[in-house]
Amino acid sequence: MSVYREDQGRALLRAIVDGSDDAIVTKTLEGIVTSWNPAAERIFGYTADEMVGQPITRIFPPSRIVEEAEFLHRLAKGQHISHYETVRVRKNGRSLDVSVTLSPLRDANGRIVGVSKIARDITERKRFEAAERAQAEWRRVMLASIGDALIATDARGQITYMNPVAESLTGWRLEDAAGRPLAEVFRIVNEQTRQTVESPVDRVLREGAIVGLANHTALFARDGQERLIDDSAAPILTEDGQTIGVVLVFRDVSVRRRVEAESAAVRNELAHRLAGLTQLAAVSTRLVPTGDLHGPLLEILDAAIRITQADMGNIQLRGARTGLLEIGVQRGFTTEFLEFFASVGAHEGSACGAALGAGQRVVVADVAQEPLFAGTEAREVLLRAGVRAVQSTPLRSLSGEMVGMLSTHYRQPRQPDERDLNLLDVLARLAADYIERVRTEREAAVTRAALEAADRTKDDFLAMLGHELRNPLGAIVGALGVLNTVGNETEPAEQARAVIDRQARQLSHLVDDLLDVSRVTAGKVVLARRSLDLAKVVAGAVQTLHASGRLDRRQVAVDASPTWVDGDEGRMEQVLLNLLGNAIKYTPADGRIAVRVFSDGSTAVLEVADDGIGIPPDLLPKIFDVFVQGDRPLDRAQGGLGLGLTLVRALATMHGGAVDARSEGAGKGSIFTVRLPCVTPVPRNEPVDSKPSGTVRHRILLIEDNEDARAMLKLLLMRRGHEVHDTGDALTGVAMAGALEFDVALIDLGLPGLDGYEAARRIRAGRNGQSLRLIALTGYGQVEDRRRALEAGFDAHHTKPISLDDLLEQLG
Ligand code: ADP
């Protein structure tokens, strides 16, 4: 039984050994193989025949040979060696990873006689493990090197892993965080509401799906630092779909958000600037001068409004004469605003007024807070018009002159930024240049027109002058013809003489006017001023007109109160005679003329009104210009060269006054008003007229170089019973005056050699000089000449042609 059993047992053991997948080998304590099962043959490549009786070290790589002695030593002491992993070599030379278990073999007495060795080929497992390790390492490296932060939790939401980015963003180390609930490490709030945001892990665990974080999530790091993050979380699922954890991936987006916001702002700004510049370019290319100011200025204004995102705006033009700003073009204002700010001066309670005064841009960032407007009506008007902020940029021409103002207005308080202001400057420059260009062109056109008009006026004048001169000359020539054909003392001869006298007088009057106007307007005239009563001048002038019969049937109403001015009497008379002369010329024979003199405060007013032909409105503004005349009645009975009013104005101006003309129009009469500064009355004792009455025979010395004139005058005087001694030479005349007894000397001023003035001085200084009456005869009717004559010692002054009557009257 026992044998049987023993045989049976061996057979069984063999079967097991042979059927094993593991190599089962026995060897002696010396390391000689004693058995080698089929698995050993398979694993190591050696057959049992090849190995039995051979040292086991045959399958050891050289580096492991030392193991054998160690094993045998330990086995000899009865120790087991289990699952020792080592390396062996197959017959074909390839290495094998094996796990060996070694046990001592004992004989029946328990003595150790050999070793059993079970070796398992673990090459596959090793490779797998290596692959696993590599994989794990790869995962570790990958998770660590991933740019995003990553946290993994288990199914309960407790942290199992964090990569370095997650560590740095949360401020937690994995060692400290592992095992903690996610919420403790991953603290998040809504950036805007500051409310705690539900943990994404909780949501994943609840919903079992990938979730993204809400926008605007802010993460607090362990040290309290706050960062904006962006993220998603996903469940970690087993193959059978069980959630065993959650992986959370997030990243710091603070920088990105900032960059995004900044780049959006930059983009916006660029777009804005580009739009502005495009519009600017468009405006500037369109600004081709057309003479039209309105359209282009409106374009510039629109560009300014768009570029600075204003709600309203206007461009004001500055009146060259008034200096006031007046709205040229505007957008978006109420009528009340436009009326209130229609015309603005410097320093008035407005941004544009302040800018005008300061000569530079004024920005009012908030009308409601602006001290400039405190308590002003302007503030209320602005607020009612919806204006809360305004800027005014002066428009300066290239010469630096302020020609206007570009203002933009805003419904909200606002401080325009640097860029807006720069663009406004460019637009202001464009507008100023444009205004200047158009103005220059307009001025040039006006100048051209004025030159053309002056040219026409001059042509008219020359034609008129020719006419005016030819008329009297024609009459004179005709009258001379009569004289030549009739006897001297006949009636026709008398008439002819009268004609010659009148016409020659008219001619000299014309020439006087011409000379006078050029001298007065050239400023060559010196006024002999003294206090005088205008009322008296008027009375005198009216009387003269009456006496000369020029008034005809016209009535002159004089209403004059004593009114004192500092004036040149002769010149004042000239003013008056010109105005009255015109009133007569341009009023029908039965017309009415009214003269008033009064003082209006510190102003003396002299008014000459008539109910004559009146002055058409187009003529009125230029009536005082030289050579300007209205349509003349065809008969031209009343001559004139269009100089009278020019003289009147020049004289009034020289006296520190002014003259103006009014007329309701043709046929409605005219009113001329002269205004002069009043002075305190200084009444003068008028010299008493001591002229003896009755006819006196005089001894007369006549000095005149023109022989005809001398002979004529001598004849006439002698015919009146005077004794006349004559000479054509001044020196002879002076000698005669000293030698003979004369009571009158008539001296021509324009003598060759010694002139009349000098002759008079010498005569005065000589014997009998003081008692002699010296009378100047001159071709120059100028007041200036008269003054010089009086200074030289003359008692009187007569303009040629000499009126014998006047002269005789003078002689008494
Ligand atoms: P003149 O009388 O020689 O033409 P003035 O300079 O005195 O030159 O006047 C210029 C013009 O003004 C006149 O031609 C006339 O048309 C107009 N004028 C002047 N005074 C009067 C007046 N009282 N009534 C109507 N027209 C007048």
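**Close-up views of a predicted model**

**View 1. Phenylalanine 337 and phenylalanine 341.** Both phenylalanine 337 and phenylalanine 341 are buried (under 20% relative accessible area with a 1.4 Å probe and protein chains only; exposed is over 50%, partly exposed in between). This is a predicted model, in which local features need pLDDT of at least 70 and side-chain atom pairs count only at pLDDT 80 or more, while totals for chains, interfaces and linings use all residues. Residues are numbered from 1 along each chain as its sequence is written, and side-chain values use heavy atoms, with hydrogens and water left out. One aromatic cluster is formed by Phe333, Phe337, Phe340 and Phe341.

**View 2. Aromatic pair of phenylalanine 71 and tyrosine 84.** The whole structure contains seven aromatic pairs (rings of Phe, Tyr and Trp, the last by its six-membered ring, with centres within 6.5 Å; planes under 30 degrees apart are stacked, over 60 edge-to-face and the rest tilted). Phenylalanine 71 and tyrosine 84 make an edge-to-face pair, 5.1 Å centre to centre with 85° between the planes. The pair links distant parts of the chain, 13 residues apart: phenylalanine 71 belongs to helix 4 (residues 65-76) and tyrosine 84 to strand 3 (residues 81-89). Helices (H or I, at least four residues) and strands (E, at least two) are DSSP runs numbered from the N terminus. Phenylalanine 71 counts as buried because its relative accessibility is 3%, whereas tyrosine 84, at 29%, counts as partly exposed.

**View 3. Arginines over aromatic rings.** Arginine 222 lies over the face of tryptophan 172, 3.7 Å from the ring centre. For arginine 699 over the face of phenylalanine 742, the distance from the ring centre is 5.5 Å. A charge sits over a ring if NZ of Lys or CZ of Arg is within 6 Å of the ring centre and within 35 degrees of the ring normal.

**View 4. Helix 20 and its two sides.** Helix 20 (residues 707-719) has 13 residues, which at 1.5 Å a residue should span 18 Å, and its end C-alpha atoms are 18 Å apart, in agreement (the expected span is 1.5 Å times one less than the number of residues). Its buried residues are Arg710, Leu713 and Leu717. Seen down the axis of helix 20, these buried residues fall within an arc of 75°, so they line one face; the arc is that of the directions from the helix axis to the C-beta atoms. Exposed on the other side of helix 20 are Glu707, Asp708, Met712, Leu715 and Arg719. Glycine 721, which follows helix 20, has a positive phi, near 95°.
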